[in-house]
Amino acid sequence: MIYFPLKSRVLIRGVKEHLENGLKEAADYVADHDVLHAPMAGSISTFQEDGGGNWLTLEGEDGNVYQFAHLESYIRTFGWADAQEKLATTGNTGTISTNPHLHIQIKKD
C-alpha cells in the first residue's frame, strides 16, 4: 500500500504547471516544517544540490523512486524505512524555493 507522505494534501503546483515552467514532472504541496512520512517501505538515500536544497530519495521494492526536495532536516538519512516511518522535516532549502513546501517527484521503473 502507498500512503500520502503528509498529514494534509493541499496542492500548490501540479505536474502541468511544473512542465510549463520548464521543470521536471513533479508536484508541490503545502508543508510548513511538517513531518515527512515514508509513503511506502523502501531504501533511503539523501543528497544536496543548489536548486532543490536537501533531497531525500526512497526506492520501493517495486522499483519506483520517490524524491522529496526542500527539506529542512533529516530524521533518517540511509538504510531501510518502513511505510509511514518519519523521514524528514519539510522546509525551504535550495535556490529555487521561496516558501516552505514539499516538492515530490516519482520515477516509475
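A: His 70 is buried, its relative accessible area being 3%, where buried stands for under 20% relative accessible area, exposed for over 50% and partly exposed for values in between (1.4 Å probe, protein chains only). The model is predicted, so local features need pLDDT of at least 70 and side-chain atom pairs count only at pLDDT 80 or more, while totals for chains, interfaces and linings use all residues. Residues are numbered from 1 along each chain as its sequence is written, and side-chain values use heavy atoms, with hydrogens and water left out.

His 70 sits in the loop between β6 (65–69) and β7 (71–74), strands here being DSSP runs of E with at least two residues, numbered from the N terminus, and its phi is near 70°, a positive value in a residue other than glycine. His 33, in the loop between β2 (27–30) and β3 (35–37), has a positive phi near 60°, but His 33 is partly exposed at 41% relative accessible area.

The structure also holds two salt bridges, each a side-chain nitrogen of Lys or Arg within 4 Å of a carboxyl oxygen of Asp or Glu. One of them joins the side chains of Asp 28 and Arg 13 at 3.2 Å, N to O; because Asp 28 lies in strand β2 and Arg 13 in strand β1 (residues 11–13), the pair ties together parts 15 residues apart in sequence. Asp 28 is buried at 3% relative accessibility, whereas Arg 13 is partly exposed at 26%. Glu 85 pairs with Arg 76, their closest N and O atoms being 2.3 Å apart, and Glu 85 is partly exposed at 24% relative accessibility.

Methods:
Helix = DSSP H or I, 4+ residues; strand = E, 2+ residues; numbered from the N terminus.
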